[in-house]
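The following exercises concern one protein structure. Please keep the sequence and the model in view while working through each solution.

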Amino acid sequence: MTAKSAILSAAELASELSGARPPVLLDVRWQLGGPDQRPAYEAGHLPGAVYVDLDRELAGPPGSGGRHPLPDPEAFGAVMRRAGVGSGTPVVVYDGGQGWAAARAWWLLRWTGHPDVRVLDGGLAAWTASGGAVTAERVAPQEGDFKPTPGALGLLDADGAAELSRAGVLLDARAGERYRGEVEPIDPVGGHIPGALSAPTTENVGPDGRFLPAAELRERFTALGAAGSAPVGVYCGSGVSGAHQVLALDVAGIRASLYAGSWSQWSADPARPVATGPDPE
């Protein structure tokens, strides 16, 4: 039996929504440093979709764990239950089209043990482009029974990321200029974790925001050394776009761990080494 892909198309979602076992829909629209997206959700969302706030509900308070540390698992579980997520119900997550926020929700649900979570490929834009309807109707989901059990996906701390950069493959999902240390618009120090390889998340998708075919993604990650027997890890700025990279690797058939604290945590510790330029070391 072929394993179910972690992504699905708008046409596939429409078919499932009209079927006997429709998925729970989560709307995770978000903009880094941008305005609250709840008004956009209230103006129009997929029928039945529940809004989830990335900054408040898919992350803990900023601090020593980085800008978007993982939320308390029990608090996250309560958010998911209020959204109607059950332990045995399929879940589909979407955002405004970039895919990063949806991937963060996908990763958290998978990490906490939910067995059936997928991301709408291309997000809301793909849905409306396919003729899918949106509504401004209020959604009142039935309480779910999901109980988080963390540990189903690989998770790295700073020491684990440092070790993986030497003993495995550590991918930096940020833009190349941030990896090289040429610019750093957010965090206190520019550069990358020594030994990490530059692998911008933006190269996982085409111009329409949809993921490249699985074979092309696998070819990309193979060229980076991430398709062999060595363990693979990913980090980004604060654990959001890195989740998108883990999702892309999953689509390619490659398991990877996420360093959730990412560069925002690493660069805030003056004891951590920093490399600059195009080379890993």
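**Exercise 1.** Determine how strand β7 is paired with strand β8 and with strand β9.

*Solution.* Step 1: β7 and β8 (residues 197-198) are joined in the parallel sense over 2 bridges. Strands are DSSP runs of E with at least two residues, helices are runs of H or I with at least four, and both are numbered from the N terminus. Two strands are said to pair if DSSP finds at least two bridges between them. Within β8, Leu197 stands opposite Leu171.

Step 1: β7 is also joined by 4 bridges to β9 (residues 232-235), and these two strands run parallel. Val169 stands opposite Val232 in β9, and Asp172 has Tyr235 as its bridge partner.

The model is predicted: local features need pLDDT of at least 70, side-chain atom pairs count only at pLDDT 80 or more, and totals for chains, interfaces and linings use all residues. Residues are numbered from 1 along each chain as its sequence is written, and side-chain values use heavy atoms, with hydrogens and water left out.

**Exercise 2.** Which residues have the most contacts inside the largest nonpolar core?

*Solution.* Step 1: A nonpolar core is a set of buried Ala, Val, Leu, Ile, Met, Phe, Trp, Tyr and Cys residues joined through side-chain atoms within 4.5 Å. The largest has 52 residues, and Leu26 and Met80 have the most contacts inside it. Helix α5 (residues 100-111) gives this core its largest share, 9 residues.

Step 1: A second, separate core of 12 residues includes Leu170, together with Ala161, Ala162 and Leu164.

Step 2: Residues up to four places away in sequence not counted, the residues that Leu26 touches include Val50, Met80, Val92 and Leu109. Contact means heavy atoms within 4.5 Å.

**Exercise 3.** Is Thr89 buried, partly exposed or exposed?

*Solution.* Step 1: Thr89 lies in the loop between α4 (73-82) and β4 (91-94).

Step 1: Thr89 is partly exposed because its relative accessible area is 30%.

Step 2: Thr89 and Asp116 are 27 residues apart in sequence and 7.3 Å apart in space, C-alpha to C-alpha. Beyond four places in sequence, Thr89 touches Arg21, Val24, Gly84, His114 and Asp116.

How values were computed
Buried < 20%, exposed > 50% of the residue type's maximum accessible area, 1.4 Å probe, protein only.
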